[in-house]
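Open the model in your viewer and keep the selection tool at hand. This tour goes from one stop to the next.

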Amino acid sequence: MTTMTTFDFAPLYRHAVGFDRFANMAQKIVKQQIVEQQLAAQRMSDACKAKKSMAKNEQVNSEKVKNAGVSSRATAPAVKTQIDTNYPRYNITHVGELDYQITLALAGFSLEEIDITVTADELVITGKKQPVEVTSKWLHQGINQADFSRKFALADHVQVLGAEMEQGLLTINLQRQVPAALQPRKVTIGA
């Protein structure tokens with residue numbers, strides 16, 4: 001399968017000024033999606049290999065169990081896991097004319113385990129769970145508490161005002177702050 005990885009933005013450049021950053025950002029997003037697709041395909045391949053290996057081991061074990069006179073259901077795995085590539089879940093809302101909010105669902109994370117980094121054009125939220133001594137065996141683990149890194153591209157002049165954590169929801173407030181020099185102004189003719 002062939003994937004297109006470049007775009008021709010020449011028509012856009014003919015009718016607009018200053019959108020070259022948009023083209024660079026689009027190219028970066030396309031490359032990131034290709035990498036994510038390749039990782040997902042690799043995970044899927046690994047999962048298939050693991051499933052085949054488990055089936056083969058289960059077949060060998062069931063033969064051993066039959067010879068021992070025990071049901072083969074006793075050897076089936078108790079827990080099946082699935083990797084969630086959309087973790088953590090989040091919402092982006094337009095709160096006011098220039099205000100935005102990003103809300104991430106981070107159940108089980110403490111403030112010390114979350115890091116927020118802002119660069120000129122990117123907001124990165126990372127979470128690293130502290131190791132916990134396991135004293136019991138999982139029968140079902142539906143609450144994902146894995147380490148994560150979520151990135152958001154920021155448009156020009158968007159500033160992060162602050163963040164709050166309440167009831168497992170991390171809310172980040174953002175605002176577009178266009179400098180006075182870049183705001184529209186009237187030009188008088190002949191002055």
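What is the order of the strands in the open sheet of three strands? The order is E3-E4-E5, and the pairing is antiparallel. Strands here are DSSP runs (E, at least two residues), numbered from the N terminus. Two of them pair if DSSP finds at least two bridges between them.

A note before you go on. This is a predicted model: local features need pLDDT of at least 70, side-chain atom pairs count only at pLDDT 80 or more, and totals for chains, interfaces and linings use all residues. Residues are numbered from 1 along each chain as its sequence is written, and side-chain values use heavy atoms, with hydrogens and water left out.

Select 114-118, strand E3, and then 148-153, strand E5. These are the edge strands, and each pairs on one side only. Neighbouring strands in this sheet are turned by 15 degrees against each other on average, direction ignored. The angle is taken between axes, lines fitted to C-alpha atoms.

**Stop two: E4 against E5**

Select residues 122-127, strand E4. E4 and E5 pair in the antiparallel sense over six bridges. Click Ile-125: its bridge partner in E5 is Arg-150.

**Stop three: the sheet of four strands**

Now find the open sheet with the order E1-E2-E7-E6, again with antiparallel pairing. Select E1 (90-94) and E6 (158-166) at its edges. Each has a single partner strand, so one side of each is left without a neighbour in the sheet.

End at Gln-159, whose bridge partner in E7 is Gln-175.

Conventions:
Axes are lines fitted to C-alpha atoms, for helices over the stretch in contact, and angles run from 0 to 180 degrees between N-to-C directions.
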